[in-house]
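Trainee: I have a structure open and would like to learn how to read it. Where do we begin?

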Amino acid sequence: MDDTRAIHFTLNGKAEECDAPVRFHLGDLLREKFGLTGTHLGCEHGVCGACTVLVDGEAVRSCLMLGVQVDGCEVVTVEGLADPDSRLHPLQQAFAEKHGLQCGYCTPGMLMSLAAFLAENRDPSEDDIRDAISGNICRCTGYQPIVEAALLAAQRMRNASEG
Amino acid sequence: MKSAGFVYHQPSSVDELLGLLAAHEDNRILAGGQSLMPMMNMRFVQPEHLIDANRVDGLNYIREESNWLRIGAMTRQKTLMQSDAVTRHCPLMRVALQHVGHFQTRNRGTIGGSLCHLDPAAELPLISLLYDASLTVRSAAETRTISASEWPLAYMLPAIGPDEALIEIALPVGADWTHQGFFELARRRGDFAIASAAVLLSISDGIIRKAAVALGAVTQTPCRLTDVEALLVGQRADAQTIAAATAQAAKIEAFSDAYYSAQYRQRMAGVAVERALNAALGAPDHG
């Protein structure tokens, strides 16, 4: 029952390998085997969205995938969102400026959901943003500053790609 | 909130998958995992053998044929949403998919997983029932097809054996539906439906010639409202007919749960059918 599988995958741009216990979900694997505790585990049944990470560019709930399933995949966590030179991602910068977080528990999931969403939706409306974060629960902010931060980040990302 | 232990299998072909199902009775197939993983994390289910279908070749496709739109069971909900063929042949599936969880869960969730999980509030079983889908299941020994109407046996219990896997969902194309509408009532975006309804109509000269009406989340399994369909056929497509259909739909015996009473669900069944019909006929809601 304590079965493990050898897996190889790319984690925040770096090739990694490990013996993954098969019953670890991806969130457990990232936190326990790689010490990447930026991925927060809230509900562990797919409701809160705090554990959202990118697998092959798609936002997924890391509590609803097994760690062994990322064999051969490219995984990005909140630790991989900023530039290698530590310059914040436009979303992170906008969250800081607009007070898009208070306790910070939901923040990694919000950031990763929005990073994936903005990659496919360059010019979202406020309603689009609210739809995109409808699967991420925040108990502190009332969502308004998160929506404002996301709209600001989207605008800056558009400006940067045009300029 | 951690899954119990299990033996993990990762087959790469359908035959290998079916062989594992035949060899291990206490099994579960892991499709997109958006329902099974929560159930395992909460230990509602503790399969001895978990058979991961995500690397099985040949279960992820959308194929247009002359009479059928064929969808592989492991096709992800996001893929269905982006498919022109789905939008062209089954426009209501595209509409309903917007209500399936959130974009993060649609990235993983599959059509086959949703049909096998068979939550009464789930949208894809409702749509399969509405369009009279034909489902292909296989075991190591045989292949059989089941109509969507025979698929739900009871609450969250599809007509599939422990040694069988759902392989394909085929939707008939070329039916002359002229109008379609969908409505879902849920507490929040992406939440489980409290009541949902989907309607297909074929209208000529202002008269409804053919009707399909499906209701979700109100009874233990999604169902077709054949009495409402019978009432619609032959009538003028007008407000009076919608009112009669709404009244008939609101007679259904609904189930209750910890959140919503049977009486409330029953009323909402009428509202859902009314709004789906209004959406189909392009009429404004007055509710």
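**Reading sheets, helices and contacts**

Mentor: Let us begin with a sheet in chain B, where 3 strands form an open sheet in the order E1-E3-E2, with parallel pairing. Keep in mind that this is a predicted model.

Trainee: Which strands are the edge strands of this sheet?

Mentor: Look for strands that pair on one side only; here they are E1 (7-9) and E2 (27-30) of chain B. Neighbouring strands of this sheet are turned by 25 degrees against each other on average, direction ignored.

Trainee: How many bridges pair E2(B) with E3(B)?

Mentor: E2(B) and strand E3 (residues 49-52) of chain B are parallel and pair over 4 bridges.

Trainee: Now chain A. In what order do the 5 strands of its open sheet come?

Mentor: The order is E2-E1-E5-E3-E4 in chain A, and the pairing is mixed. Strand E2 (14-21) and E4 of chain A are at the edges with a single partner strand each, so each has one side without a neighbour in the sheet. From one strand to the next, the twist averages 40 degrees.

Trainee: How do E1(A) and E2(A) run, parallel or antiparallel?

Mentor: They run antiparallel, and 8 bridges join strand E1 (residues 4-11) of chain A to E2(A). One pair to find is A:Ile7 with its bridge partner A:Cys18 in E2(A).

Trainee: Which strands does H3(A) lie across?

Mentor: H3(A) lies across strand E3 (52-55) and E4 of chain A. The helix runs at about 35 degrees to E3(A).

Trainee: What is found in the loop between E3 and E4 of chain A?

Mentor: A:Asp56 is in that loop. Check its backbone angle: A:Asp56 has a positive phi of about 50 degrees, although it is not a glycine.

Trainee: Which residue of chain B has a positive phi of about 55 degrees although it is not a glycine?

Mentor: That is B:Met156. It sits in the loop between strand E8 (152-154) and strand E9 (157-158) of chain B. B:Met156 has 15 other C-beta atoms within 10 Å, so it too is partly exposed.

Trainee: How many residues lie between E11(B) and E12(B) in their hairpin?

Mentor: There are 6 residues between them, and B:Gly190 in the turn has a positive phi of about 80 degrees. The two strands pair in the antiparallel sense over 8 bridges. Among the pairs, B:Phe183 has B:Ala197 in E12(B) as its bridge partner.

Trainee: Which residue in the turn between E12(B) and E13(B) has a positive phi?

Mentor: It is B:Asp205, at about 50 degrees, in a hairpin with 2 residues between the strands. Here 9 bridges join E12(B) to E13(B), and the strands run antiparallel. B:Ser202 has B:Lys210 in E13(B) as its bridge partner.

Trainee: Is strand E12(B) mostly covered or mostly open?

Mentor: Strand E12 (residues 193-204) of chain B is mostly covered, with 9 of its 12 residues buried.

Trainee: For a helix, which residues of H10(B) are buried?

Mentor: In helix H10 (residues 239-249) of chain B, they are B:Ile242, B:Ala245, B:Thr246 and B:Ala249. Now look down the axis of H10(B): the buried residues fall within an arc of 100 degrees, so they line one face of the helix. Their cover includes strand E13 (207-216), helix H9 (226-232) and helix H11 (262-281) of chain B.

Trainee: Into which domains is chain B divided?

Mentor: Chain B has domain 1 (7-52), domain 2 (62-172) and domain 3 (179-281). The C-alpha centres of domain 1 and domain 3 of chain B lie 35 Å apart.

Trainee: Last, how many residues of each chain are in contact with the other chain?

Mentor: 26 residues of chain A are in contact with 24 residues of chain B. On chain A, strand E4 (58-61), helix H3 (107-120) and helix H4 (126-132) each give two or more residues to the side that touches chain B. E4(A) gives the most, with 4 residues. That side of chain A divides into 10 nonpolar, 9 polar and 7 charged residues.

Notes:
Residues numbered from 1 in each chain as written. Chains lettered and ligands numbered in written order. Predicted model: local features only at pLDDT ≥ 70, side-chain atom pairs only at ≥ 80, totals over all residues. Contact = placed C-beta atoms within 7 Å. Nonpolar A, V, L, I, M, F, W, Y, C, P; charged D, E, K, R; others polar. Buried ≥ 20, exposed ≤ 12 C-beta atoms within 10 Å, placed from the backbone. Arc of directions from axis to C-beta. Pairing = 2+ DSSP bridges. Axes fitted to C-alpha atoms, helices over the stretch in contact; angles between N-to-C directions. Domains from an automatic or database assignment.
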